[in-house]
Amino acid sequence: MFFNKSVKLTAYTSDKSVITNCKPVLGKDVKTPGWLKNISASVKSWNQNIGLYDKAGTVAICPGIREYLSTPITLSMWSEIDIRINPDGSWSSTAQSRPELNTHVVEHAQDQWKGMYPGKRIALKLDSPWRFVTNSDTKFLFSESHYSTSYFREKDVWLSPGVTNFKYQHSTNIHLNCPLKEESYVLTLKYGMPLISLFPMTERAIDFKCEQISEEELFGIGEHMPRVPIGKYYKQIGIKS
């Protein structure tokens, strides 16, 4: 039956370091976060009314959390950079002076997202070195790797979620919405830090692999899209479902 066939999904990069050391990871290959390793499956508390200990489960055995960790493809940080954010909304990054890091940071002007988030903030985009491709009309939930790191929440930085379809668009860029504070502060994106979890919105198995291709081939992915400033990510004419 058609619906028993797996979804073939390929992640392409031209960066040898990235594919050697920091591939996206699917499902049960995702590392268990340290906090989850260190919490017991149950706890006991004294119940004065009955003169006995009550036993209760912890988040360590919560199926929702376990599924959240084991289901998606996880994208982790492929280099290590610092981003300095100033009270006036200006910013700078070590990526600007270190081109060998292959990490590009750009800003979305506030007019492009005005009203989406409260308070004084700026929206930065990390250009991912990965482009995903599939022939299957399958949607993926693009979400923060919530349980794998607390760093962004501690910094009040929000990773913007969305739903994407790699049959019609191929980028995996990461959007960081960062607060403006009374004092300048530094956001450190460490090598290997979990960034994004991609949840397949299908019951079909995901046949996932990573491949290195040339820069020319990588830039060629998506060349079929119209050369327009907006609207290029809609379903394209000539691509069969």
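Colleague: Not counting residues up to four places away in sequence, which residues does Ser128 touch?

Modeller: This is a predicted model, and the contacts of Ser128 are computed from it. Ser128 lies in the loop between strand S9 (121-127) and strand S10 (131-134). Beyond four places in sequence, the residues touched by Ser128 are Leu75, Trp78, Thr172, Asn173 and Ile174.

Colleague: Is Ser128 buried or exposed?

Modeller: A residue is classed as buried when its relative accessible area is under 20%. The value for Ser128 is 13%, and therefore Ser128 counts as buried.

Colleague: Which residues touch the most other members of the largest nonpolar core?

Modeller: The largest nonpolar core has 41 residues. For Leu176, contacts beyond four places in sequence include Phe152, Trp158, Leu187 and Leu189. The residues touching the most other core members are Phe132, Leu176 and Leu189.

Colleague: Which residue in S15 stands opposite Ile81?

Modeller: Ile81 belongs to the covered face of strand S6 (residues 81-85), together with Ile83 and Ile85, while Asp82 and Arg84 make up the uncovered face. Strand S6 runs antiparallel to strand S15 (residues 185-189), and 5 bridges join the two. The residue of S15 opposite Ile81 is Leu189.

Colleague: What is the phi of Gly89 in the turn between S6 and S7?

Modeller: S6 pairs with strand S7 (residues 91-93) in the antiparallel sense over 3 bridges, and Ile83 stands opposite Ser93 in S7. The two strands form a hairpin with 5 residues between them. Gly89 lies in the turn of this hairpin, and its phi is positive, at about 95°.

Colleague: Which strand holds Arg121, the salt-bridge partner of Asp156?

Modeller: The closest N and O atoms of Asp156 and Arg121 are 3.4 Å apart. The pair links distant parts of the chain, 35 residues apart, with Asp156 in the loop between helix H4 (151-154) and strand S12 (158-159) and Arg121 in strand S9. Asp156 counts as partly exposed at 33% relative accessibility, whereas Arg121 counts as buried at 5%. The strand that holds Arg121 is S9.

Colleague: What is the N to O distance in the salt bridge between Arg98 and Glu100?

Modeller: The structure holds 6 salt bridges, and the side chains of Arg98 and Glu100 meet in one of them. Arg98 is partly exposed, at 41%, and Glu100 counts as exposed, at 52%. The N to O distance of this pair is 2.3 Å.

Colleague: How much accessible area do Trp35, Ile39 and Val59 have together?

Modeller: These three residues form a nonpolar patch on the surface. Val59 lies in the loop between strand S4 (52-57) and helix H3 (63-70), and it counts as partly exposed because its relative accessibility is 37%. Together, Trp35, Ile39 and Val59 have an accessible area of about 230 Å².

Methods. Residues are numbered from 1 along each chain as its sequence is written. This is a predicted model: local features need pLDDT of at least 70, side-chain atom pairs count only at pLDDT 80 or more; totals for chains, interfaces and linings use all residues. Side-chain values use heavy atoms; hydrogens and water are left out. Patches are made of residues with over 30% relative accessible area and no salt bridge: like charges are joined within 9 Å, nonpolar side chains (Val, Leu, Ile, Met, Phe, Trp, Tyr) within 5 Å. Accessible areas come from the Shrake-Rupley method with a 1.4 Å probe; for residues, only the protein chains shown count as cover. A salt bridge is a side-chain nitrogen of Lys or Arg within 4 Å of a carboxyl oxygen of Asp or Glu. Helices (H or I, at least four residues) and strands (E, at least two) are DSSP runs, numbered from the N terminus. Buried means under 20% relative accessible area, exposed over 50%, partly exposed in between (1.4 Å probe, protein chains only). A nonpolar core is a set of buried Ala, Val, Leu, Ile, Met, Phe, Trp, Tyr and Cys residues joined through side-chain atoms within 4.5 Å. Contact means heavy atoms within 4.5 Å. Two strands pair if DSSP finds at least two bridges between them.
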